[in-house]
Amino acid sequence: MKIKHNNIILFREAVKQRRLELNMSQKELATLVGYNSASSISKIEKGDYTPLSKLEAFATALETTPENLISFEERMGRVFEGEIIKKH
């Protein structure tokens with residue numbers, strides 16, 4: 001899957017915003033997407049990493065679509081590839 005850098009920024013923001021809209025804790029979201037602790041969600045929301053392999057699980061847990069979590073107006077044009085994109 002190809003994903004642009006600006007979509008990574010939106011993903012972390014969209015996850016947090018939607019989680020708060022649903023009055024869901026980080027621990028609840030972590031459980032729904034298959035993580036053991038809230039710290040994983042915290043790291044995602046801070047932008048430490050983006051787990052592309054769990055995009056569908058996040059969309060389902062947050063009652064939205066994958067596109068809503070990553071759609072974003074192109075600003076930077078840099079493209080990254082891979083399962084997990086780490087912050088540099």
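Mentor: We shall discuss the aromatic pairs of this predicted model.

Trainee: How is a pair of aromatic rings described?

Mentor: The description rests on the distance of the centres and the angle of the planes. In this structure, a search of the whole model finds two aromatic pairs. In one of them, the ring centres of Phe11 and Phe58 are 5.5 Å apart and the planes stand at 80 degrees; planes over 60 degrees apart count as edge-to-face, so this pair is edge-to-face.

Trainee: Where in the chain do Phe11 and Phe58 lie?

Mentor: Phe11 belongs to helix α1 (residues 5-21) and Phe58 to helix α4 (residues 55-61). The two are 47 residues apart, and their pair links distant parts of the chain.

Trainee: How are the rings of Tyr35 and Phe58 arranged?

Mentor: Their centres are 6.5 Å apart and their planes at 55 degrees, so the pair is tilted. Because Tyr35 lies in the loop between α2 (26-33) and α3 (38-46) while Phe58 is in helix α4, this pair ties together parts that are 23 residues apart in sequence.

Trainee: Are Tyr35 and Phe58 buried or exposed?

Mentor: Buried means under 20% relative accessible area. Tyr35, at 15% relative accessibility, therefore counts as buried. Phe58 is buried with a relative accessible area of 0%, and Phe11 is buried as well.

Trainee: Which residues do the ring pairs link into a cluster?

Mentor: The cluster consists of Phe11, Tyr35 and Phe58.

Terms used. Residues are numbered from 1 along each chain as its sequence is written. This is a predicted model: local features need pLDDT of at least 70, side-chain atom pairs count only at pLDDT 80 or more; totals for chains, interfaces and linings use all residues. Side-chain values use heavy atoms; hydrogens and water are left out. Rings of Phe, Tyr and Trp (its six-membered ring) pair if their centres lie within 6.5 Å; planes under 30 degrees apart count as stacked, over 60 as edge-to-face and the rest as tilted. Helices (H or I, at least four residues) and strands (E, at least two) are DSSP runs, numbered from the N terminus. Buried means under 20% relative accessible area, exposed over 50%, partly exposed in between (1.4 Å probe, protein chains only).
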